[in-house]
Amino acid sequence: MSIHVSDSSLLPIAEKIQAGTRLSFEDGLVIYASHDLPAIGAMANYVREKLHGGKTYFNINLHINPTNTCFMSCRFCAFGRKAFDEKSYIRKPDEIVKRARECMPEGCTEIHLVGGLDPRLKIDYYCSYLSALKEAFPHIHIKTLTPVEVAFIAKMSKMTIGEVVQKLADAGMGSMPGGGAEIFDEEVREQICEHKCDAKGWFETHREVHTRGLKSNCTMLYGHIEQPRHRIDHLIRLRNHQDEFGGFQCFIPLSFHPANTEFKHLPPPSGFLELQTIAISRLMLDNIPHIKAYWIMLGIKQAQIAQWFGANDIDGTVVHEEIYHDAGATTPTGMTVTELKRLIRECGREPVLRNTVYEEIGGPAAT
Ligand code: V47
């Protein structure tokens, strides 16, 4: 298959893609500078189809936020509340189990839990909700806690990051979600979330997860104050970590939602930037198997188009998402399996039901 390119600056890159040659930092910048979106999409789709053919993965999952209280004040976040805020909450382990029981979709294989940083919560709280969930739903994979939370728990509980990861894994943490990465560049990070765990801490936590044989995901929050060079630097730092430790299974580019945040004056990322970023992620991250177009954040229509721009995953039923909806997302807070399969088929892809670690699942929900 040859890739049709109108913008001649993309020609050497298209050749590299077809030869399977790794793209450089400069190549990434050239693609960001190009407006030849059909060619950028075709290059990403070439890699996507080589890896996954026409498959689009989805899963049956449930999101629960154990707490929305947050000690930090990240400028891009609309979710965190201060402890004195009447809308703040901390869910006790038995309340988390009750919520899971009430909301769990049929065939659910994953519970995804992330929350704010509350100095009152120590390692025992996290181990308690993990053990309680594991006891109630032994067959369900628990994907929980970003490196930012793990680093904070370590500090509050006077433990090392490795000790926290081990305790969480012993209590039932099956894998780690990709959040908290934002933009690694130190100057940008200083302006958007200066107090939270830096790139070094973020990678150290994933290293502790990966060296224990567990998997995790990774993300990038884009479309706020960062420049293309910060995005490419971010992707290359992830690629370097993956070369060494190999534990990232999926990358999720997160499109910034400004409503109700300190950056509410910024325009939201354009549809063009969203598709360009998904495609560039697929092209730069040659060692991360899956690229997710998170429908909650992109919107259903853009998540469908993204399946032709490098993405091969759409996330899942989700059920009761709160972080993006507090930041103005207008998507539903969950979807049924029938709807997910329909929207994947509608865009000419084959829906494939997976579990958290990308094993394909058969049975009635899959067909
Ligand atoms: O770390 C917060 C981002 C992340 C906003 O691993 C925002 O499968 C846009 O990481 N606009 C949490 N983004 C969500 C996340 C995630 C989601 C789905 C699947 C997986 C996975 C991981 O959301 C945060 C932050 O980067 N975020 N506020 C906002 N206003």
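Trainee: In which sense do strand E5 (residues 175-176) and E6 pair, and over how many bridges?

Mentor: The model is predicted, so local features need pLDDT of at least 70 and side-chain atom pairs count only at pLDDT 80 or more, while totals for chains, interfaces and linings use all residues. Residues are numbered from 1 along each chain as its sequence is written, and side-chain values use heavy atoms, leaving out hydrogens and water.

E5 and E6 pair in the parallel sense, over two bridges. Strands here are DSSP runs of E with at least two residues, helices are runs of H or I with at least four, and both are numbered from the N terminus; two strands are said to pair if DSSP finds at least two bridges between them. Lys215 in E6 is the bridge partner of Ser175.

E6 itself spans residues 215-222, and seven of its eight residues are buried, which leaves the strand mostly covered. Buried denotes under 20% relative accessible area, exposed over 50%, and partly exposed the range in between, with a 1.4 Å probe and protein chains only.

E6 also pairs with strand E7 (residues 248-255), again in the parallel sense, over seven bridges. Within this pairing, Cys218 stands opposite Phe251 in E7. From E6 the chain passes through helix H10 (residues 228-245) to reach E7, forming a right-handed β-α-β crossover.

Definitions and conventions: Right-handed = clockwise from strand over helix to strand, strands pointing away.
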